[in-house]
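Open the model in your viewer and keep the selection panel at hand. Each stop below says what to select next and what is there.

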Amino acid sequence: MYIMSIRVPRGTQDILPGQVEKWQMIEAKAREFCERYQYREVRTPIFEQTDLFLRGVGDTTDIVQKEMYSFEDRGGRSLTLRPEGTAAVVRSYIENKMFGDANQPVKLYYMGPMFRYERPQAGRYRQFVQFGVEAIGSADPAIDAEVISLAMSLYKELGLKQIKLVINSLGDKASRKAHRDALVSHFKPRIGEFCGDCQGRLEKNPMRILDCKVDRNHELMKTAPSIIDYLNDHSSHYYAKVKRYLTDLGIPFEEDPNLVRGLDYYTHTAFEIMSGAEGFGAITTLCGGGRYNGLVEEIGGPEIPGIGFALSLERFVAALEAENVELPVKKGIDCYLVSLGEEAKDHTVSLLHELRSAGYSAERDYLDRKIKAQFKAADRSNAKYVAVLGEDELKANKITLKTMETGDQVEIELDSFLEKFKENYK
RNA sequence: GCGGUUAUGGCGAAGUGGUUAACGCAUCGGAUUGUGGUUCCGACAUACGUGGGUUCGAUUCCCACUAGUCGCCCCA
């Protein structure tokens, strides 16, 4: 036996027939929803200049510090396989001067593979597919609600029930900084009593200390300053509006003042949609998003606000499986051609083509199998009809058409096979 | 990057320091000289992840590596 030693790269996977139909269903629905919500697709390159992510994602983030697939091309340029979609979409928005488009805000979506060099586990891959939307050019809280609604509706449309929306506000830049400073001075004097991870978080991302599982019972946790108390008037008013719109839309949500997103660019609204399905695994986040009012400027564009989300198709599929949602109906083929003998076999080549040209799905045997095995194959492929062409039929210039469900069979004229097939087809 | 766990034919899955490594599924053939299911019979497959070590002898014991898987960090 041929021993193949080459496998898929670590953390990647083949999506095979039988499974791929679920993906196609999600993809089709996502596009359909984007049409309804009036988001238009943008396709950006799979790799970008490394600098884009350094600036766009933030050089203190894990993504940039340890997860990027970066390489130098032959011209000595540093390029990186995109670890997320927003930075690239914003780059394209600026580069193509979409801020000058007549239609504002600019509403875009993307779907495609992303790459992060991480240790694989349930729900985490090195190559994974994200579907995401970005609404750039509006600071209206109604569009925050629209973006969230789009994601929630999509999950519901495909049958997910055990999903939960969690939201928070990170406030504007000023609110964020005030809160951060308060956190640092709150924890700093006694940071030695916390775990090593938290000690690292103090400078890097002090909000993360708040949801540490190790130190959750430490007395300083209970008295820690909450972002909510540090939102200035504008920020808390904005947050209130978003919540009000969500309520108007009938979208239940949970507020979590400790919800922090891992990327540097978020301001105001931050949200996650999680699965609560049994046995889903440790990673429950299906979708993450938020507002990024400083990002366009950061990447070199005008001062323009934006909001978006990204969701993983891998986790989408996993959630559907965890909730036992059945998606695609396994469709059978219209006709399987069974033939006996050399001459009959030759005939099926053109008969098959006739059926297919007329729009039917049709198949025949290519392994020179016995009639019984051919019928088995027909049965396996869930054929509606089987057309049998043997020596007897050839002699009489007929072909036998069998309806598999009932077992009934009729003889029809070989010369007008397609026409007769159409007449019999129900 | 850290930790747990696993690795036997196409798939699932037993098992042993020592001649031919069970079994089930699938596949193919036959019983049925041209008809799906069941049943019965038969056939088939260069199978012990890779590399070292211990041993007279390793698929089995030890180590490393690789990969899967699960978890930590973090995230979609």
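Select strand β14 (residues 385-389) and strand β15 (residues 398-403): the two run antiparallel and are joined by four bridges. Helices (H or I, at least four residues) and strands (E, at least two) are DSSP runs, numbered from the N terminus. Two strands count as paired if DSSP finds at least two bridges between them. To see one such bridge, show A387, whose partner in β15 is L401.

This is a predicted model, in which local features need pLDDT of at least 70, side-chain atom pairs count only at pLDDT 80 or more, and totals for chains, interfaces and linings use all residues. Residues are numbered from 1 along each chain as its sequence is written, chains are lettered from A and ligands numbered from 1 in the order in which they are written, and side-chain values use heavy atoms, with hydrogens and water left out.

Next, select helix α13 (residues 342-357) and helix α16 (residues 417-424). Their axes are 10 Å apart, and the helices pack at an angle of about 50°. Because of that angle, α13 is oblique to α16. Axes are lines fitted to C-alpha atoms, for helices over the stretch in contact, and angles run from 0 to 180 degrees between N-to-C directions; under 35 degrees counts as roughly parallel, over 145 as roughly antiparallel, 65 to 115 as roughly perpendicular and the rest as oblique. Show the side chains of L351, E354 and L355 on α13 and F417, L418 and F421 on α16, which make the contact (heavy atoms within 4.5 Å). Five of the contact residues are nonpolar, none is polar and one is charged. In this scheme Ala, Val, Leu, Ile, Met, Phe, Trp, Tyr, Cys and Pro are nonpolar, Asp, Glu, Lys and Arg are charged, and the others, Gly among them, are polar.

Now zoom out and colour by domain. Chain A is divided into domain 1 (20-172 + 232-322) and domain 2 (335-424), with bounds from an automatic or database domain assignment. The centres of the two domains, taken over C-alpha atoms, are separated by 51 Å.

Move to the open sheet of eight strands, ordered β1-β5-β6-β11-β10-β9-β7-β8 with mixed pairing. β1 (40-41) and β8 (254-255) each have a single partner strand, so one side of each is left without a neighbour in the sheet. Within this sheet, select β7 (residues 163-169) and β9 (residues 267-275), which pair in the antiparallel sense over seven bridges. K164 has M274 of β9 as its bridge partner.

Which strands form the open sheet of three? Select β2, β4 and β3, in that order; the pairing is antiparallel. The edge strands β2 (47-49) and β3 (69-72) each pair on one side only. From one strand to the next, the twist averages 35°. Between β2 and β4 (residues 78-81) there are three bridges, and Q49 stands opposite L79 in β4.
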